[in-house]
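Please look over the fold shown here and pick out its local features.

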Amino acid sequence: MRIKNNEVAVVAIGGLHEIGKNMYCVQYQDEIIIMDCGIKFPEDDLLGINYVISDYSYLIKNRKKIKALVVSHGHEDHIGGIPFLLEKIPEIPVYATPFALALIKGKLEEHGILRTTELHEEHEDTVLKFKKLTVTFFRTTHSIPDTLGIAVHTPLGAVVFTGDFKFDLTPVMNQPAPNFQRIAKLGNDGVLALLSDSTNAEVSQFTKSERFVAKSLHDIITGIHGRIIFATFASNLYRVSTAIEAAIDTGRKVAIFGRSMENGVQNGIDLGYLNVPNGLIVDANEINHTPAEQVMILCTGSQGEPLAALSRIANGTHRQISLQPGDTVIFSSNPIPGNTLSVNHLINKLMEGGANVVHGRINNVHTSGHGGQEELKMMVRLTKPKYMIPVHGEYRMQVIHTELAQAAGVPAENTFVLENGEVVCFGPEGSRIAGHIPAGDVYVDTSGTADVGNVVVHDRQVLSEDGLVVVVATVDYKHKRVLAGPDVLSRGFVYMRESTELINQAQKHIYHVIKSEMDKVDHPKDSVIRHAIVDNLSDFLYSKTKRRPMILPMLVEKK
C-alpha cells in the first residue's frame, strides 16, 4: 500500500460488513486521526470468546503518526477496544465526551493503565489543531448521552464521521437536539467524504423519538401492581432515567443489580444526567422486606448474557433475588445481532418461572438509536459530500445505504462499499483503492487474554461438535515394535460401551499405521508417526461415522 503525498487516505480497521468493532482512520502525510475503537460481541460458535477486537498492527507500525483517538460516544462497540489499543500504544491521547470519558476511565482502571493514559474531555465546540489536520465536532442524538459526529479537516476537505446517530427532535433528559446548522455548515464548507452509520439502512421510516418510548414505558410501569424487573443496557441512561422517574411517580424503591448498571447510574448521577432523590435507591437486601408493589429492580442482562443479573435471577442462581410469580420483567432493548436465541431462551425461562414479560417494539418499550432511511438521506443532503462510504453495518446495509446516497445526489462512482482494511485514497485527480492493511479479527477470551487465535477457536469448535479421541501407545523405535496398546479413549465422540466394535477396528487400524511408519525408515521420528496417526485415523473415523473428532496421539517411547 502506498499513499501519495497529496492524498487523504481513509480506512476502516473495524466496523464494515459487521455490527460492532467500529474503528476508522483518516491519514494525511505523516498524521493519523483514529475515530472510535470498539469491540464486537461474539457469535455463538466462538466458544470461550468474550468479545472480538480489531487487528492494531498497522497502527503499531505507524504509531509515530497517530495524533489522537477521538470518540463519538460511549457504547461498547465504539470504546470497548480502547484498553487493548492503549496496552499496545500507550502514548495515544484520547478525547471523549463526558459520559464516554467516565466509562473509558472505568475500563482503563480495570486494565491498570488509567494513570498512564492521556485523557481529555471533548465537547461540541472543541477544536483539535495539529500540524496538517484539524478535528471539530457536531452534536447528534443516539441512545446514550453526549453523542457527537466528528469532522477531520484536511487540505482537500473534511472527512465527516457521523458516529451512531438519529435525528431526534425531542430528546429526553435535557439533551439538546442535533445541531443541523453546524452539519449544514460543514456541507457548505466542503465535505470530501462522508462516513455514515448504516445500521438502519433497511428501515424505511424515521426512527421514533426517545420521548415516545419514555411516555409508553411510563404508562406501562404505572399500570403494574407487582414487582418490576427493568432490564436495559447500562449505558442507556435515557431508559434508566425513565424507569427512575416512573418509580418516583409510583412510590417504588429502586435496587440496582449488575456492576455495569451500578457504574452507569453512578456516572449519570455524578455528571448531573440523573435526578435521584435521597432514599430512592436502596440496598439489594432491603427489597426482600419491601412490598412487591413498592419495588423496582434495575438490572443488566437484556441481551441474555449468561452471567448477567437477569439470567441468574431467571435460573435461580442469584444469591440475593429469586423470581416470584406475579413479577413483571420489562426488556427495554432489542437483541443485538447474534443474541436473539439467547434473549428468546431467557424470556422463555422467565415466563416458566411465573413472570409476565414485556418486550419488543409491539409494546413500544424500545426504539432504535439509529436513523432510518429518511434520516440517512437527510444527512447526505446536509453534508453534500463528494464521496460517500457507508460504515457500521453488514454488507447488505452498506449496499442499501449507497443507493440512498445516490438517490440523495452522490454519483454512483463516488460511493464505496468497502471491507475492513481496504484503503481508499482521495486526491486532486480523484479517488482510488490503494490496497489493504491487516484488519482481521482478534479474539479475547474469558481470561481477558487478547489474540486467542483462529487455531484455538477452531479447536474449540471441533471439540464442541465432534469431540476428542485420545490414542495411547508404548513404542520401541529401536526395534520397531509396539509394546503396549494402542488404546483408544473417546470423550464427546462416541459412547465407548456401545461402540466396542468401532474402537476395536480403530485400534487395529492405528497399530498397522504405527508399524507401517516405523518400517519405512531406519530411524523413525515421533512427530512423523503422530501426524500419520492423526491423518489416517481421522479418515477412518469419518468413513465410519461422518464425523472428524480432534485426535490427540500420546506415544510413550521405551528408552
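What follows is a short tour of selected elements in a predicted model.

Strand β3 covers residues 31-35. Five of its five residues are buried, so the rest of the structure largely encloses this strand. How do the side chains divide? Glu-31, Ile-33 and Met-35 point one way from β3. Ile-32 and Ile-34 point the other way. All of these residues are buried.

β3 pairs with strand β2, residues 23-28, in the antiparallel sense. Five bridges hold that pairing. Within it, Cys-25 has Ile-34 of β3 as its bridge partner. The hairpin of β2 and β3 has two residues between the strands. Gln-29 in this hairpin takes a positive phi near 50°.

β3 also pairs with strand β5, residues 66-70. Here the sense is parallel, and the bridges number four. Ile-33 stands opposite Ala-68 in β5. In general, strands of a sheet pair through backbone hydrogen bonds, either parallel or antiparallel.

## A three-stranded open sheet

Further along the chain, which order do the strands of the open sheet take? The order is β23-β22-β24, three strands with mixed pairing. The edge strands are β23 (481-491) and β24 (550-557), each pairing on one side only. From one strand to the next, the twist averages 15°.

Strand β22 spans residues 468-476. β22 and β24 run parallel and are joined by eight bridges. Ala-473 stands opposite Leu-555 in β24.

Two helices accompany this sheet. Helix α15, residues 526-545, packs on the sheet and touches β22 and β24. The direction of α15 makes about 140° with that of β24. Helix α14, residues 500-520, lies across β22, β23 and β24. α14 runs at about 140° to β23.

## A helix pair

Helix α5 (residues 180-189) and helix α11 (residues 373-383) cross at roughly 55°. Their axes come within 6 Å. Angles of 65 to 115 degrees would count as roughly perpendicular and those under 35 as roughly parallel. α5 and α11 are therefore oblique to each other.

Which residues make the contact? From α5 they are Phe-180, Ile-183, Ala-184 and Gly-187. From α11 they are Met-378, Met-379, Leu-382 and Thr-383. By class, this contact has six nonpolar, two polar and no charged residues.

## Cysteines

A disulfide is a covalent bond between the sulfur atoms of two cysteines. How many disulfides does the count give? The count comes to zero disulfides. Cys-25 is in no disulfide, and the nearest cysteine sulfur, in Cys-37, is 9.0 Å away. Cys-25 is buried, with a relative accessible area of 4%.

For Cys-425, the closest cysteine sulfur is that of Cys-25. The distance is 13 Å, so the two are too far apart for a bond. Is Cys-425 buried or exposed? Cys-425 counts as buried, at 0% relative accessibility.

## Loop residues

Most residues other than glycine have a negative phi. His-17 and Lys-384 are worth a look on this point. Phi of His-17 is positive, near 60°. Lys-384 is not a glycine, yet its phi is positive at about 50°.

His-17 sits in the loop between β1 (8-14) and β2. Lys-384 sits in the loop between α11 and β18 (387-391). Gly-81 belongs to the loop between α2 (76-79) and α3 (82-88). The table gives their accessibility.

| Residue | Relative accessible area | Class |
|---|---|---|
| His-17 | 35% | partly exposed |
| Lys-384 | 46% | partly exposed |
| Gly-81 | 0% | buried |

What does Gly-81 touch, leaving aside its neighbours within four places in sequence? Gly-81 is in contact with Cys-37, Gly-38, Ile-39, Ile-53 and Tyr-56. Gly-81 and Tyr-51 are 30 residues apart along the chain. Their C-alpha atoms are separated by 9.5 Å.

How values were computed: Residues numbered from 1 in each chain as written. Predicted model: local features only at pLDDT ≥ 70, side-chain atom pairs only at ≥ 80, totals over all residues. Heavy atoms only, no water. Pairing = 2+ DSSP bridges. Axes fitted to C-alpha atoms, helices over the stretch in contact; angles between N-to-C directions. Contact = heavy atoms within 4.5 Å. Parallel < 35°, antiparallel > 145°, perpendicular 65-115°, else oblique. Nonpolar A, V, L, I, M, F, W, Y, C, P; charged D, E, K, R; others polar. Buried < 20%, exposed > 50% of the residue type's maximum accessible area, 1.4 Å probe, protein only. Disulfide = S-S within 2.5 Å.
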